Structure formats: structure tokens, C-alpha cells
Amino acid sequence: MKLTGAQILIKMIKAEGIDTIFGYPGGAVIDIYDALAKQDGLHHILVRHEQGAVHAADGYARANNSVGVALVTSGPGATNTVTGIASAHSDSIPLVVFTGQVPTALIGNDAFQEVDIVGITRPCTKHNYLVKDVTKLASIIKEAFHLARSGRPGPVLVDLPKDIQNTQVAFKEPKEISLKSYKPNYKPNKKQLNKVVDLIGKAKRPVIFAGGGVILSQASSDLTRLAKMADIPVTASLMGLGAFPGSDPLWLGMLGMHGTYRANMSIGHCDLMIAAGVRFDDRVTGNIEKFAPEAKIVQIDIDPTSIHKNIEVQCPIVGDCKAALKGIIQLMEDKNPEDFKNDRQQWLNRIEEWKDTTPLKYEQDSVVIKPQFVIEKLYELTKGDAIITTEVGQNQMWAAQYYHFNKPNHFITSGGLGVMGFGLPAAIGAKAACPDKVVVDVAGDGSIQMNIQELMTAIESKIDVKIVILNNQYLGMVRQWQELFYKKVYSFTHMENAPDFVKLAEAYGAKGLRCTRPDEVVSTLLEGLNYEGTVIMDFAVDREESVYPMVPAGGAITEMLLV
Amino acid sequence: MKTNSYLLSILVDDEPGVLSRISGLFSGRGFNIDSLSVASTAEPDVSRITMVTKCEPHIIEQIKKQLHKLINVITVNDLTDKKYVQRQLALIKVNAKSEKKADILRIVDIFRCKIVDVGLSHYTIEVSGDSEKHDAIVSLLNPMGIIEIASTGSIALARENGKHSLKLTGKNK
């Protein structure tokens with residue numbers, strides 16, 4: 001069977017079980033778009049900016065536990081994907097990004113819309129390819145998907161010169177991928193697992209610290225099981241929210257710079273930390289010297305570079321989180337499981353005390369809407385079952401603090417890179433993956449403007465997303481830092497000059513709702529959530545509300561600013 | 001903290017962009033490369049990179065793991081604390097005025113070097129050896145007036161019984 005490169009590409013994407021891709025046409029991918037128009041089964045969503053395509057693919061991958069795919073043209077199309085790729089790289093999200101390239105004969109000649117995208121994305125992809133031989137195309141695509149989803153997942157870019165796309169070759173099914181230089185270690189070392197079981201047996205004040213790796217390896221049920229078996233309280237990084245039920249009594253809340261007081265204090269005083277699928281980001285650890293000073297640390301990670309990178313650990317386990325947690329549970333079951341709950345009450349009481357004295361709090365009066373109140377009501381009205389995407393800044397932190405995630409894959413945020421403009425396209429991707437879910441983008445008035453053009457994508461593709469803008473007319477998180485650390489010099493963080501978001505929504509064909517009074521928050525949310533279609537809910541919130549608690553950058557996580 | 005010098009022998013896929021991935025990893029993460037030499041091996045699609053890097057002891061573990069994480073890196077062998085043979089090749093062009101010629105020849109003889117080019121007023125000397133030998137001859141020739149030096153980075157192979165290098169060539173099984 002003879003196929004063009006473009007047809008091979010589509011065939012191979014379908015073979016990976018992908019039903020939807022996100023893209024934007026251009027001269028260097030016109031052959032692929034021609035082939036797309038002449039096939040069934042692979043749905044293409046036309047975005048309005050290539051950055052949006054990559055974030056949407058990211059949201060799709062996370063909501064679906066699959067690989068996200070973006071397709072863009074050469075030159076500016078390709079460079080526009082860089083932020084999205086870097087974000088997915090930071091968060092270990094499996095993506096395959098296909099970029100068009102000028103014909104192989106022109107590469108290096110500074111041709112129209114030529115950039116060395118393989119060179120540009122080398123440091124922010126897991127791996128990347130420039131395809132120079134169409135007979136290798138099928139196996140490269142298969143390899144790209146394999147790399148994206150296996151081991152520590154990540155984005156892979158495949159650069160496709162125009163002549164590769166339109167050359168016909170006899171299609172041969174590529175062989176199973178076997179790379180001599182890439183063999184991720186899934187199976188944890190049994191001796192190390194036994195060591196963990198011993199440590200749990202001896203620990204008086206254990207804590208589990210879950211990260212995005214738990215969600216990626218679909219290990220949240222195992223993590224929950226382990227926590228319950230030994231009555232171990234659980235905290236999580238921003239990326240780990242949903243790995244453990246947010247309504248469970250053993251849940252401590254998020255850890256780190258804007259973590260809960262009890263989560264940070266628990267880490268400060270624990271004698272054993274079981275860290276699963278985390279990389280000890282500085283936003284979590286604060287001052288490394290004062291991070292978990294009394295604890296023996298167990299770290300489970302599939303990526304050996306994550307271990308001993310920022311934090312010295314006493315019991316490293318290289319392997320898949322799910323396999324490791326299952327292994328630990330099995331070993332505990334082989335012994336007397338009751339032995340592992342030794343006198344936990346004292347430790348749990350102490351945590352309860354931290355919770356009682358310093359809970360997350362805000363005071364809602366009858367005049368000005370508090371942003372936290374909006375999120376809390378959103379949580380209640382969606383029964384905690386919505387997929388929440390966020391932009392970056394205060395909106396992201398309030399969503400993390402006040403929406404309690406009971407299930408994995410329901411909180412989709414640009415955690416590592418912190419990309420403003422992530423939430424709306426990611427929500428579109430998540431909704432495309434899970435059409436039956438309510439998908440809400442929690443946004444700020446600043447960040448929603450960074451990829452607002454994707455509203456048109458949502459409308460055109462009839463992808464119904466709900467946008468909640470916590471509108472404080474500031475770049476709120478930077479303003480908060482300026483208030484606390486820069487003597488209230490609010491340099492360029494004013495955002496009074498903003499579009500009328502209601503009219504803007506209407507201009508795109510979406511519904512726009514504005515809410516300025518606390519007693520209208522619930523009715524506005526209800527109207528927006530019940531509306532069939534994409535809607536912007538613009539909440540005018542307390543302008544100078546800040547996110548608390550807060551650990552100043554570089555401080556010990558137990559030394560928090562509480563109000 | 002104290003920095004040490006480490007000698008890494010890295011086998012990589014012989015394909016375009018691999019060196020750039022490695023050098024990009026070093027510059028992106030703030031690691032240093034002291035010297036680097038790349039060439040093909042007996043295996044057709046495999047190249048060997050020999051690298052000398054100076055860093056603190058806890059950094060070398062990260063360097064090795066990060067290198068290994070690159071998809072095109074097949075093995076990373078830290079030779080630093082192993083038995084190995086190491087060589088570095090240098091060409092040294094030195095002023096050879098008639099009154100100094102005998103001195104230069106004596107040095108060449110003592111160090112078992114070769115003179116590979118002779119001009120009216122210069123010699124070009126080929127030196128092969130470890131970096132100490134290299135440093136020593138440079139310091140002795142310096143007073144004569146070194147015109148220019150071209151030098152390779154270190155190359156090295158583990159001694160043991162050549163295990164590391166033979167495993168990949170598929171010989172001596």
C-alpha cells in the first residue's frame with residue numbers, strides 16, 4: 001500500500017488511539033491538512049493561536065490519561081508552541097507536537113517561515129526529531145508516542161519537512177519500539193520496599209507527600225489505600241491535588257508556599273516522609289535546610305534525576321509509583337497490617353490542633369465578593385465533580401485551596417512553568433476529552449486576556465467551557481508580592497483598563513454574566529453552569545485580597561504569614 | 001565546596017544533534033565541560049564522547065543521571081576512580097633558533113615526543129600522553145618561545161580487561 005507522508009502521519013496518530021488533535025494550518029503543513037480533510041475518525045479542532053493548540057493538547061492528555069497531539073506549521077507556528085511545550089515538560093505531560101518544516105532541500109537556507117525548531121525545543125522536550133527520510137516516518141512517530149507516554153512522560157516534537165509529507169512510499173507497519181539507550185525502570189527494588197515497610201512500622205509521625213507522578217501513574221487508589229492502612233496523613237503538591245481525596249479526614253491540604261498551615265507544620269515535624277512522584281520544587285520546600293528536618297525521607301520516582309536533586313533522601317526508590325505503592329501495600333499485608341497504626345492518635349490529634357487553630361479562612365461580608373467565596377460556592381454547586389483548569393497566580397492558588405479535589409485528573413494547571421493563558425485552552429482540551437464533564441476555567445482578569453482568542457475555538461467547536469474570572473483589576477499575585485515585599489509600589493500591576501468581559505463574551509458568541517454582589521454569587525454561578533454553551537462569569541472581587549497562608553520565597557515552610 | 005575533576009566515557013547514538021543535546025544539557029544546567037572529544041567506535045552507529053568535567057562531588061551524580069536521561073545516550077561510565085589509560089595529543093610549534101635547537105631536541109627525546117615538522121626557525125612537536133606530561137613539556141618549552149599549540153581533549157578507556165569497550169563491539173564474547 002502506497003501512502004504519502006501526510007497519510008502515514010494520520011494513520012499512525014489513529015493507531016495510538018487518539019481521536020482528537022488540536023492544530024492550526026499553514027503553508028508547511030498544507031499537505032497534512034489536505035489529508036485530514038479526506039479522512040474520517042481523527043477529529044481536528046481548529047484553535048486560534050498555536051500556543052492554544054499545545055495547552056489544549058495538554059488539557060486533553062491530563063483529563064484523559066492519554067497523549068495530547070498538536071499540529072502546527074513551520075516558523076512562527078512552531079515557535080508559538082514553545083511555551084506550551086515547556087509547560088508540559090515541567091509538568092511531565094505526554095504530548096506529541098508535529099511541526100511543519102520547509103522542504104529538506106531548503107533547510108539551512110533561511111527559507112520563508114524556516115526556524116530550527118528542533119534546536120529551539122531541545123532543552124524543553126523529552127526528545128525531538130527532524131524527519132529526513134519518509135521511509136522512517138512511521139517508526140519515528142511510533143517512537144515519539146512511546147517516548148511521550150513511557151517512563152517519566154513528557155512532550156516530544158516531530159519536525160516534518162514539506163517534501164516528507166507529500167512523498168509517497170510503500171507503508172510498512174513499524175516494529176515494536178526497542179531502544180538500546182532508553183529503558184525506563186518501572187520495577188522498584190524489593191529491598192528498598194522492605195525498608196519502607198520497616199520505616200512505616202517504626203514511624204510515630206509519618207506523612208505521605210503526593211505529587212503529579214501519582215496521578216500520571218494512575219496510582220491514587222493505591223496511595224489512598226496505603227494511607228488508610230497505616231493511618232498516615234497525606235499532603236500533596238499543586239500537581240498532586242486529587243491524588244488523595246480532598247474530603248478525607250487524613251487529608252492535610254496542599255503543601256508549600258500557599259499550603260495549609262497543618263500541611264506545612266506536619267512536614268516540619270514528621271519523622272517519616274513518603275514522597276511519591278514529586279520533585280521537591282522550591283515552591284514546595286522553601287528553605288531546603290529547614291525542610292522536614294526531623295524526617296527520614298522515602299522518595300519514589302521513575303526518574304533517577306529527581307532523586308537527590310534538591311533534597312537528600314534516605315530511602316530512594318526508582319520505579320513506577322503504582323508498582324512501588326502496590327509493592328509496599330503487599331509487604332504490609334503479608335505482615336500484620338494492624339501493627340502499622342501504632343499510636344497514631346497522638347500525631348493525628350496534634351495535626352487536628354493545627355487545623356483548628358489555623359484553618360484556611362476568609363471573611364465574607366455583605367458588600368464585596370471574596371474570591372475564596374466564589375471558589376467555595378463553585379465547589380458546592382458542582383459537587384466537587386467538575387474538572388477545574390486554572391490560569392496562573394492568585395486564581396490558581398485559590399482554586400487549589402478552596403476547591404477540594406476528590407479524584408485525580410480533575411485539576412489541570414500549569415504547575416511547574418506557571419503559564420498565564422493556560423487555563424482556557426486547557427479547558428477546551430479537557431472538555432474535548434471528557435464531553436460529559438463540567439469543565440471550569442478559574443481565571444484572573446489578567447491571565448484570561450493572554451489566550452482569550454480561544455473563546456472562538458470553544459464556540460466554533462461547540463465545546464462548552466465555563467470561565468470564572470476572579471476580577472480584581474490587578475495582576476493580583478504580583479501585586480501581593482509588591483504589597484508585602486516592595487513597599488506597596490504597585491508597578492505596572494494595575495489592570496483597570498480591561499475589556500468589558502460580558503460584551504467580549506457576547507462578541508465571540510458566548511454568554512457573559514457579571515456579578516458584583518456577594519448575594520448574587522450563587523445565582524450567577526448557577527446561571528452560568530446551567531447555561532448550555534460557553535460562558536464567562538465575571539466576578540468583581542475584593543481588589544486587594546491576598547492569598548494566605550504564605551511562605552516568603554526562600555523561607556522555612558513552617559514560618560508562614562497567616563494574614 | 002571543593003571541586004574535583006571527573007573523567008566520563010559516554011557512548012552515544014551516532015546521529016546529528018547528539019553533541020548539541022549534551023553541550024546544551026551542560027550549559028542549561030550550569031555544569032562545566034573542561035574538555036571533550038568525540039569520535040566513532042568499532043560499532044557503526046555508536047560514538048564515544050570522552051569528557052573531563054570539574055564539579056563538586058554531589059553534582060557529578062546529577063551530571064551522570066542527566067546525561068543518561070538523554071534518549072541518545074547509551075551508557076555513561078565514570079572512569080575517575082577506575083583504572084584507565086588516558087591520552088591527550090598536542091601539536092606544539094616552538095621557536096627553534098640555532099642556539100636552542102639542541103635543548104629542544106633533548107626535551108623531545110626525554111619526553112619521547114616526535115618532531116613532525118621542521119622549518120628554518122621552528123619545530124612542530126607531537127606530544128601524546130596524559131595531561132601532566134602535557135603540562136610538563138609546555139612549561140619546559142615555554143622559555144624557548146611557543147608559537148602556537150593545538151591540543152585534543154582527553155581520550156580514555158577503562159583498563160579492567162577492556163570490558164566496557166568490548167561489550168559494545170560485540171567481540172570477545
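Predicted model: local features only at pLDDT ≥ 70, side-chain atom pairs only at ≥ 80, totals over all residues.
In chain B, 6 residues of domain 1 are in contact with 5 residues of domain 2.

**Inside chain B**

- The domain assignment of chain B gives domain 1 as residues 4-81 and domain 2 as residues 85-155.
- The C-alpha centres of these two domains of chain B lie 29 Å apart.
- On the side of domain 1 of chain B that touches domain 2 of chain B, two or more residues each come from β2 (35-40) and β3 (46-55) of chain B.
- Strand β2(B) supplies the largest share of that side, with 3 residues.
- Sorted by class, that side of domain 1 of chain B has 3 nonpolar and 3 polar residues, and no charged residues.

**Where chain B touches chain A**

- Here, 15 residues of chain B are in contact with 12 residues of chain A.
- On the chain B side, the elements giving two or more residues are α1 (18-28), α2 (57-69) and β4 (73-78) of chain B.
- Helix α2(B) gives the most to this side, with 5 residues.
- By class, the side of chain B that touches chain A divides into 7 polar, 5 charged and 3 nonpolar residues.

**The domains of chain A**

- Chain A is divided into domain 1 (2-170), domain 2 (190-357) and domain 3 (371-540).
- Between domain 2 of chain A and domain 3 of chain A, the C-alpha centres lie 31 Å apart.
- In this pair, 14 residues of domain 2 of chain A are in contact with 14 residues of domain 3 of chain A.
- The domain 2 side of this contact in chain A is made up of 7 nonpolar residues, 6 polar residues and 1 charged residue.

**A closer look at helix α9 of chain A**

- Helix α9 of chain A covers residues 190-202, 13 residues in total.
- From its first C-alpha to its last, α9 of chain A reaches 19 Å, close to the 18 Å expected at 1.5 Å a residue.
- Which residues of α9(A) are buried? They are A:Leu193, A:Val196 and A:Ile200.
- These three cover an arc of only 55° around the axis, so they sit on the same side of α9(A).
- On the other side of α9(A), A:Lys191 and A:Asp198 are exposed.
- What do the buried residues of α9(A) pack against? Their partners are β9 (206-210), β12 (272-276), β13 (296-301), β14 (315-318) and α14 (321-334) of chain A.

Notes: Residues numbered from 1 in each chain as written. Chains lettered and ligands numbered in written order. Domains from an automatic or database assignment. Contact = placed C-beta atoms within 7 Å. Nonpolar A, V, L, I, M, F, W, Y, C, P; charged D, E, K, R; others polar. Helix = DSSP H or I, 4+ residues; strand = E, 2+ residues; numbered from the N terminus. Expected span 1.5 Å × (residues − 1). Buried ≥ 20, exposed ≤ 12 C-beta atoms within 10 Å, placed from the backbone. Arc of directions from axis to C-beta.
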